[in-house]
Amino acid sequence: MQLNNNVTEFILLGLTQDPFRKKIVFVIFLLFYLGTLLGNLLIITTIKTSRALGSPMYFFLFYLSLSDTCFSTSIAPRTLVDALSEKTTISFNECIIQVFTLHFFGCLEVLILILMAIDRYVAICKPLHYMTIMSHRVCSVLVAVAWVGSCVHSLAQIFLALSLPFCGPNVIDHYFCDLEPLLKLACADTYVTNLLLVSNSGAICTVSFVVLMFSYVIILHSLRNHSAEGRRKALSTCISHIIMVILFFGPCIFIYTQPATTFPMDKMIAVFYTIGTPFINPLIYTLRNAEVKNAMRKLWSKKLVSDDRR
């Protein structure tokens, strides 16, 4: 995997070098990661086992929870180990793999959020044709396209990373591998690479955010023609989606659209979208969605009944 590089491993400085603060980081990351796994796996299990959650919206929610779980897993376990270790090194190949998985599942989440917005638009603005337009086959094809698109985006990141020459400095001032901190270590002019990074990751985040917000404005505007009950239900769902979009895209746009210079707050903002958002997403969908809560209650009641019979 290494191309003209003398560097075989990197040193991750993490969020802090203070031993006591590293323990605090470990506890916080562990709680958030376990909460992310529990919440998202519960949603995945509920959707898979419940016949009431068979609509396209929950089909996309299944993949959103899956991408959240994998996205968080690409970073959190490594950070937990580093928080308890004195030596926090990562091999060149492991670093490249982390860049790939981070961007793959991050981009997949972006594309799934767009698909969920399309689903809500069709459901609210084209209700009579909803099941025809958003058939199971169409939804499956859209998700497959999202996976392919994510792969293409991630391979582009890997190409940029492998094109960087590393010939000496190997200390990454971050808690995970990404192109931004790697650019600072390259022993060459990275102006063009940074432009490509902004035009790739930055453009994806910014354009997707604008498209999503514009689509929800159209959806909310069209609710004027619906009944009070229909408006209430659609508004509740759309607000959940909008909250997720803002929480995820806000930090991503800040990180990936800035110039080559980095700011002290970058790592804290990265914490928010790498472990904060995946943890919050299940809470938003379970607390604001009566259908998901009812399906979860039925799932647990069935489990309790089966346990009693044993």
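Okay, let's start with helix α4, which is mostly covered: 25 of its 34 residues are buried. Buried here means under 20% relative accessible area, exposed means over 50%, and partly exposed is whatever falls in between, with a 1.4 Å probe and protein chains only. Before I go on, this is a predicted model, where local features need pLDDT of at least 70, side-chain atom pairs count only at pLDDT 80 or more, and totals for chains, interfaces and linings use all residues. Residues are numbered from 1 along each chain as its sequence is written, and side-chain values use heavy atoms, with hydrogens and water left out.

Back to α4. From first C-alpha to last, α4 reaches 49 Å with its 34 residues, close to the 50 Å expected at 1.5 Å a residue. That expected span is 1.5 Å times one less than the number of residues. When I say helix, I mean a DSSP run of H or I with at least four residues, numbered from the N terminus.

Now, salt bridges. How many does a search of the whole structure find? Four. The criterion is a side-chain nitrogen of Lys or Arg within 4 Å of a carboxyl oxygen of Asp or Glu.

Take Arg-78, which is partly exposed at a relative accessible area of 22%. Its side chain meets that of Asp-82 in a salt bridge, 3.4 Å from N to O. Asp-82 counts as buried, at 9% relative accessibility.

Arg-78 also forms a salt bridge with Glu-94, and there the closest N and O atoms are 3.9 Å apart. Glu-94 lies in helix α4, residues 92–125, while Arg-78 is in α3, so this pair ties together parts that are 16 residues apart in sequence. Glu-94 is partly exposed, at 39% relative accessibility.

Another one of the salt bridges joins the side chains of Arg-120 and Asp-119, at 2.8 Å from N to O. Both ends are covered up: Arg-120 is buried with a relative accessible area of 12%, and Asp-119 is buried at 0%. As for shared partners, salt bridges join Arg-78, Asp-82 and Glu-94 into one network.

On to helix packing. Two packed helices are described by the angle between their axes and the distance between the axes. The axes are lines fitted to C-alpha atoms over the stretch in contact, and angles run from 0 to 180 degrees between N-to-C directions.

Helix α8, residues 191–222, packs with helix α9, residues 228–256, at about 160°, and their axes are 10 Å apart. So α8 and α9 are roughly antiparallel to each other, a label for angles over 145 degrees. Their crossing is left-handed, meaning the near helix is turned anticlockwise from the far one by less than a right angle. What residues make up the contact of α8 with α9? There are 18 nonpolar, five polar and no charged. Nonpolar covers Ala, Val, Leu, Ile, Met, Phe, Trp, Tyr, Cys and Pro; charged is Asp, Glu, Lys and Arg; polar is the others, Gly among them.

α8 also packs with α6, at an angle of about 165° with the axes 11 Å apart. That makes α6 and α8 roughly antiparallel, and their crossing is left-handed.

Last stop, Val-152, which lies in helix α6, residues 136–162. Buried or exposed? Val-152 is exposed, with a relative accessible area of 54%.

Notes
Helices (H or I, at least four residues) and strands (E, at least two) are DSSP runs, numbered from the N terminus. Angles under 35 degrees count as roughly parallel, over 145 as roughly antiparallel, 65 to 115 as roughly perpendicular and the rest as oblique.
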